[in-house]
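Take a look at the chain shown below.

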Amino acid sequence: MSTAPYPIGSPGSPWGEAEVTAWRSHQTRKRSYAADVLSAIERLRARFDVVQYGLLDYPPDTYPLFALASRDWRDGLPVALVTGGVHGYETSGVHGALQFVERHAADYVGRFNLLVVPCVSPWAYERIHRWNMNAIDPNRSFREPSPAEESAALMRLVAPLRDRVLVHVDLHETTDSDEAEFRPALAARDGKPFEPGHTPDGFYVVGDTENPRLDFQQAVIAAVAKVTHIAPPDADGKIIGSPVVAPGVIHYALRQLGLCAGITLARYVTTTEVYPDSPRATPAQCCDAQVAAVTAALDYALAHP
């Protein structure tokens with residue numbers, strides 16, 4: 001990994017508008033939100049209610065934001081929230097959410113009201129990037145007032161249900177590009193030195209420091225272990241700098257950090273982290289791991305209401 005200064009900005013100086021504009025000029029569309037995501041949502045329209053909850057205006061483009069909701073929504077049922085693509089480059093989060101809806105949502109009819117948001121950040125999805133158009137990380141922006149419209153729109157959607165959500169699964173990936181591009185860019189943007197970290201090889205989950213629910217997190221890990229390998233701790237007993245509290249489980253202060261997984265009052269909350277760059281995992285396995293995590297989380301919440 002290169003230790004050269006990041007090519008935008010000056011070391012030690014936070015970015016201004018000129019640097020953000022320069023950064024944006026390097027971002028190019030590499031895939032299509034319409035072809036990959038909107039077309040899949042359209043195919044599901046016959047079986048689910050499709051809710052447009054926002055519209056991103058990123059000239060010259062606009063991106064409608066959609067959620068899929070149970071058609072048989074009943075006020076007496078608990079709500080299960082699944083979110084993907086908060087970081088647009090984390091592919092299996094987006095396609096894992098869609099795969100769950102297509103193949104498994106019917107298993108929860110009459111047991112959950114499902115609300116699935118497969119792609120929170122479509123501009124970033126198309127550019128295979130972590131940030132939005134304004135060089136803001138949506139997954140540090142779930143707070144009021146939010147600097148990211150992607151985050152603000154999702155919070156508006158979820159607000160009426162915030163105290164009714166029983167389980168929330170937020171689907172993510174940890175990739176080699178985190179260390180090669182995104183963390184160096186973050187350090188440059190904020191005018192801080194870049195300190196290299198360790199990329200874990202395997203799946204892990206992030207629970208809430210304030211509401212850890214370790215048995216729940218371990219149930220998710222056990223289910224995913226049947227699909228792909230679980231990340232071991234590093235030499236210091238950590239994963240991405242946080243102590244491992246059980247195999248494949250770490251904790252973050254979700255609300256304090258402005259993370260998507262902290263937007264509800266759900267009893268059961270987890271953030272998944274798939275490692276798609278592992279030689280031991282295929283793209284299909286990555287999506288299957290996300291689906292296994294969602295179904296395990298929902299099954300556990302039903303068994304422990």
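## Helices α2 and α3

In this predicted model, helices α2 and α3 run roughly parallel to each other, because their axes cross at roughly 10 degrees and angles under 35 degrees count as roughly parallel. The axes come within 11 Å. Helix α2 covers residues 33-44. It brings D36, V37, A40, I41 and L44 to the contact. Helix α3 answers with V94, H95, L98, V101 and E102. By class, this contact has 7 nonpolar, 1 polar and 2 charged residues.

## Helix α3 on its own

Helix α3 spans residues 91-104. How far apart should its ends be, at 1.5 Å a residue? The 14 residues should span 20 Å. The end C-alpha atoms are 19 Å apart, which agrees.

## Helix α3 against α8

Helix α3 also packs on helix α8, at an angle of about 60 degrees. Their axes lie 8 Å apart. The two helices are therefore oblique to each other. The crossing of α3 past α8 is right-handed.

On the α3 side, the contact is made by S92, G93, H95, G96, Q99, F100, R103 and H104. On the α8 side, C286, C287, D288, Q290, V291, V294, T295 and L298 take part. The classes are 6 nonpolar, 8 polar and 2 charged residues.

## Helix α7 against α8

Helix α8, residues 283-303, has another partner in helix α7, residues 214-224. Their axes are 8 Å apart and the angle is about 140 degrees. That makes α7 oblique to α8. α7 passes α8 in a right-handed crossing.

From α7 come D215, F216, A219, V220, A223 and V224. From α8 come A289, A292, A293, A296, A297 and Y300. Which classes make up this contact? It divides into 11 nonpolar, no polar and 1 charged residue.

## Cis peptide bonds

Most peptide bonds are trans. The bond from P59 to P60 is cis, with omega near 10 degrees. P60 sits in the loop between β1 (49-58) and β2 (61-69).

Another cis bond runs from E144 to P145, with omega near -10 degrees. P145 lies in the loop between α4 (122-127) and α5 (149-158).

## Positive phi angles

Most residues other than glycine have a negative phi. R213 has a phi near 50 degrees, a positive value. Its place is the loop between β6 (204-208) and α7.

I240 belongs to the loop between β7 and β8. With a relative accessible area of 31%, I240 is partly exposed.

## An exposed glycine

G241 is in the loop between β7 (238-239) and β8 (242-243). Is G241 buried or exposed? G241 counts as exposed, because its relative accessibility is 52% and the cut-off for exposed is over 50%. The C-alpha atoms of G241 and R127 are separated by 27 Å. Along the chain, these residues are 114 residues apart.

## Two buried residues

T264 is found in the loop between β9 (249-252) and β10 (268-274). T264 is buried, with a relative accessible area of 0%. Which residues does T264 touch, not counting residues up to four places away in sequence? They are L81, V158, R162, V165, H168 and R255.

S151 is in helix α5. S151 is buried, with a relative accessible area of 0%. Not counting residues up to four places away in sequence, S151 touches P138, S141, F142 and S146.

Key:
Residues are numbered from 1 along each chain as its sequence is written. This is a predicted model: local features need pLDDT of at least 70, side-chain atom pairs count only at pLDDT 80 or more; totals for chains, interfaces and linings use all residues. Side-chain values use heavy atoms; hydrogens and water are left out. Helices (H or I, at least four residues) and strands (E, at least two) are DSSP runs, numbered from the N terminus. Buried means under 20% relative accessible area, exposed over 50%, partly exposed in between (1.4 Å probe, protein chains only). Axes are lines fitted to C-alpha atoms, for helices over the stretch in contact, and angles run from 0 to 180 degrees between N-to-C directions. Angles under 35 degrees count as roughly parallel, over 145 as roughly antiparallel, 65 to 115 as roughly perpendicular and the rest as oblique. A crossing is left-handed if the near helix is turned anticlockwise from the far one by less than a right angle, and right-handed if clockwise. Contact means heavy atoms within 4.5 Å. Ala, Val, Leu, Ile, Met, Phe, Trp, Tyr, Cys and Pro count as nonpolar, Asp, Glu, Lys and Arg as charged, and the others, Gly among them, as polar. The expected span of a helix is 1.5 Å times one less than its number of residues.
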